[in-house]
Amino acid sequence: MPHKYPTKPLDQRISKAIIEEATERAVRSGPHNCLIWPDKIADDGYGVTAWGGHRAHRLAWAAEHGDPGPLMVRHEVCGNRACFDHAHLSTGTAAENNADTRRMGRHPGQGLKVFTPEMAKQAAA
């Protein structure tokens with residue numbers, strides 16, 4: 001199944017510069033002290049970068065650890081899609097990601113608990 005998001009390899013140097021700049025403007029919020037993406041939040045709750053439309057959490061992972069390649073970057077600690085704190089992230093397979101979403105009550109059919117763009121704006125206020 002083709003990936004629906006950009007798959008161009010993530011340059012660690014560029015990723016780090018983008019993440020460092022965004023971190024200066026970001027706010028911390030929620031029970032896990034999440035670092036909330038300060039720019040565009042997509043309808044599905046993920047932060048989106050202006051650099052090629054990459055998801056902010058994937059860029060955060062690449063900035064700290066290098067390109068995750070085909071692995072998924074998961075919000076293993078917090079489950080907050082708007083969070084880009086690399087300490088809250090891990091890589092894994094699609095099956096592991098699905099298990100995480102079930103455990104956190106965010107799997108389709110469980111009633112999604114998504115950090116909405118409105119919630120991100122409230123957190124930043």
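Helices here are DSSP runs of H or I with at least four residues, strands are runs of E with at least two, and both are numbered from the N terminus. By that rule Ile14 is found in helix H1.

Before I go on, the provenance. This is a predicted model, where local features need pLDDT of at least 70 and side-chain atom pairs count only at pLDDT 80 or more, while totals for chains, interfaces and linings use all residues. Residues are numbered from 1 along each chain as its sequence is written, and side-chain values use heavy atoms, with hydrogens and water left out.

Now the overall layout. The protein has four helices and four strands, and along the sequence they follow the pattern α-β-β-α-β-β-α-α. Of the 125 residues, 44% count as buried. A contact means heavy atoms within 4.5 Å. Among contacts between residues at least 6 apart in sequence, 52% join residues at least 24 apart.

Next, the core. A nonpolar core is a set of buried Ala, Val, Leu, Ile, Met, Phe, Trp, Tyr and Cys residues joined through side-chain atoms within 4.5 Å. The largest one has 21 residues, and those with the most contacts inside it are Ile19, Cys34, Trp37, Ala60, Phe84 and Leu89. Which element gives the largest share of this core? That is H2, with six residues. Helix H1 (12–25), S2 and H2 each supply at least two.

H2 deserves a slide of its own. Eight of its 10 residues are buried, so the helix is mostly covered. The buried set is Ala56, His57, Arg58, Leu59, Ala60, Trp61, Ala62 and Ala63, and these residues pack against H1, S3 and S4. Ala60 is one of the core residues with the most contacts. Leaving aside residues up to four places away in sequence, Ala60 touches Ile19, Phe84, His86 and Leu89. After H2 comes Gly66, with a positive phi near 100°.

How do H1 and H2 pack, in angle and in distance between axes? The angle is about 120° and the axes are 8 Å apart. Axes are lines fitted to C-alpha atoms, for helices over the stretch in contact, and angles run from 0 to 180 degrees between N-to-C directions. The crossing of H1 past H2 is left-handed, meaning that the near helix is turned anticlockwise from the far one by less than a right angle, whereas clockwise would be right-handed. On the H1 side the contact is made by Gln12, Ser15, Lys16, Ile18 and Ile19. On the H2 side it is made by Ala56, Leu59, Ala60, Ala62, Ala63, Glu64 and His65.

Ile14 is partly exposed, at a relative accessible area of 28%. Its C-alpha lies 9.2 Å from that of Trp51, 37 residues apart in sequence. Glu24 is also in H1, and at 69% relative accessibility Glu24 counts as exposed.

On to aromatics. Rings of Phe, Tyr and Trp (for Trp, its six-membered ring) pair if their centres lie within 6.5 Å; planes under 30 degrees apart count as stacked, over 60 as edge-to-face, and the rest as tilted. A search of the whole structure finds one pair. Trp37 and Phe84 form it, edge-to-face, at 4.9 Å centre to centre and 85° between the planes. Trp37 sits in the loop between strand S2 (34–36) and helix H2 (56–65), and Phe84 in the loop between strand S3 (72–74) and strand S4 (90–92), so the pair links distant parts of the chain, 47 residues apart. Both Trp37 and Phe84 are buried.

Then cysteines. A disulfide is a pair of cysteine sulfur atoms within 2.5 Å. For Cys83, the nearest is that of Cys34, at 3.9 Å. Cys34 is buried at 3% relative accessibility, and Cys83 is buried at 1%.

Last, one backbone item. Most residues other than glycine have a negative phi. Asn33 has a positive phi, near 55°. Asn33 is in the loop between strand S1 (27–29) and S2, and is partly exposed at 43%.

Note on methods. Buried < 20%, exposed > 50% of the residue type's maximum accessible area, 1.4 Å probe, protein only.
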